[in-house]
Amino acid sequence: MQPIQSIPAPDPAWLAHPDDLPRSAPGLGLCALPDWGLLSVMGDDAAGFLQGQTTGDMQALRVGETGCGAFCTPKGRVIANFRVVRVNEGFHLLLAAELVEAVRQRLRIVGNKRNGSFETN
């Protein structure tokens, strides 16, 4: 058995267009995550919007950086936790696949009450 090795961080530019990721990037390992889903929140106000809806500090993240957070009920009960990466146009959130649609609907309801533009994909 080989010891676990750290994987060097890829150039953050590929995060905006993962299809452009080289197929043979040295030192980079990719694997399927079928139990996880991707939710993208894009737009000029994406950082401010997510800052008010999550436990994470979205405004502190720079393009290419990742962080963690959670969506909670008004009483503070966790609905979903996620891993987030900031891209040029907004944020990609990785969370449990079965929770993506529920979180998307919740964000749309709250987002419709805000001024500014954002979209979930």
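Author: Two strands pair if DSSP finds at least two bridges between them, and the strands (E, at least two residues), like the helices (H or I, at least four), are DSSP runs numbered from the N terminus. This is a predicted model, in which local features need pLDDT of at least 70 and side-chain atom pairs count only at pLDDT 80 or more, whereas totals for chains, interfaces and linings use all residues. Residues are numbered from 1 along each chain as its sequence is written, and side-chain values use heavy atoms, with hydrogens and water left out.

Reader: With that in hand, which strands form a hairpin with 2 residues between them?

Author: The hairpin with 2 residues between its strands is made by S3 and S4, which pair in the antiparallel sense over 5 bridges. Within this pairing, Val84 has Leu93 of S4 as its bridge partner.

Reader: How many bridges join S2 to S3?

Author: S2 and S3 run antiparallel and are joined by 7 bridges. Val84 in S3 stands opposite Gly67, while Gly69 has Phe82 as its bridge partner in S3. The hairpin of S2 and S3 has 5 residues between the strands, and there Gly76 takes a positive phi near 95°.

Reader: What pattern does the protein follow when read along the sequence?

Author: The protein has 2 helices and 5 strands, and along the sequence they follow the pattern β-α-β-β-β-α-β. Contact means heavy atoms within 4.5 Å; among contacts between residues at least 6 apart in sequence, 53% join residues at least 24 apart.

Reader: Which residues touch the most other members of the largest nonpolar core?

Author: A nonpolar core is a set of buried Ala, Val, Leu, Ile, Met, Phe, Trp, Tyr and Cys residues joined through side-chain atoms within 4.5 Å. The largest one here has 18 residues, and those touching the most other members are Leu50, Phe71, Phe91, Leu93 and Leu95. Two or more residues each come from strand S1 (36–42), helix H1 (46–53), strand S3 (78–87), strand S4 (90–96) and helix H2 (100–112), and H1 provides the largest share, 4 residues. Leaving out residues up to four places away in sequence, Leu95 touches Asp35, Trp36, Gly37, Leu39, Ala80, Asn81, Phe82, Val100 and Val103.

Reader: Where do the buried residues of H1 fall when seen down the axis?

Author: An α-helix has 3.6 residues a turn, so residues three or four places apart point the same way. In H1 the buried residues are Ala46, Ala47, Phe49, Leu50 and Gln53. Seen down the axis of H1, they fall within an arc of 165° and therefore line one face of the helix, the arc being that of the directions from the helix axis to the C-beta atoms. These buried residues pack against S1, strand S2 (66–72), S3, S4 and H2.

Reader: Is Gln53 buried or exposed?

Author: Gln53, which lies in helix H1, is buried because its relative accessible area is 18%. Apart from residues up to four places away in sequence, Gln53 touches Ala70, Phe71, Arg106, Leu107 and Val110. Gln51 also has its place in helix H1, but at 27% relative accessibility Gln51 counts as partly exposed. With residues up to four places away in sequence again set aside, Gln51 touches Gly56, Asp57, Met58 and Gln59.

Reader: How many aromatic pairs does the structure hold?

Author: Rings of Phe, Tyr and Trp (its six-membered ring) pair if their centres lie within 6.5 Å, and planes under 30 degrees apart count as stacked, over 60 as edge-to-face and the rest as tilted. The structure holds 1 aromatic pair. The pair is tilted because the rings of Phe71 and Phe82 have their planes at 40°, with their centres 5.0 Å apart. Phe71 lies in strand S2 and Phe82 in strand S3, so the pair ties together parts that are 11 residues apart in sequence, and both Phe71 and Phe82 are buried.

How values were computed: Buried means under 20% relative accessible area, exposed over 50%, partly exposed in between (1.4 Å probe, protein chains only).
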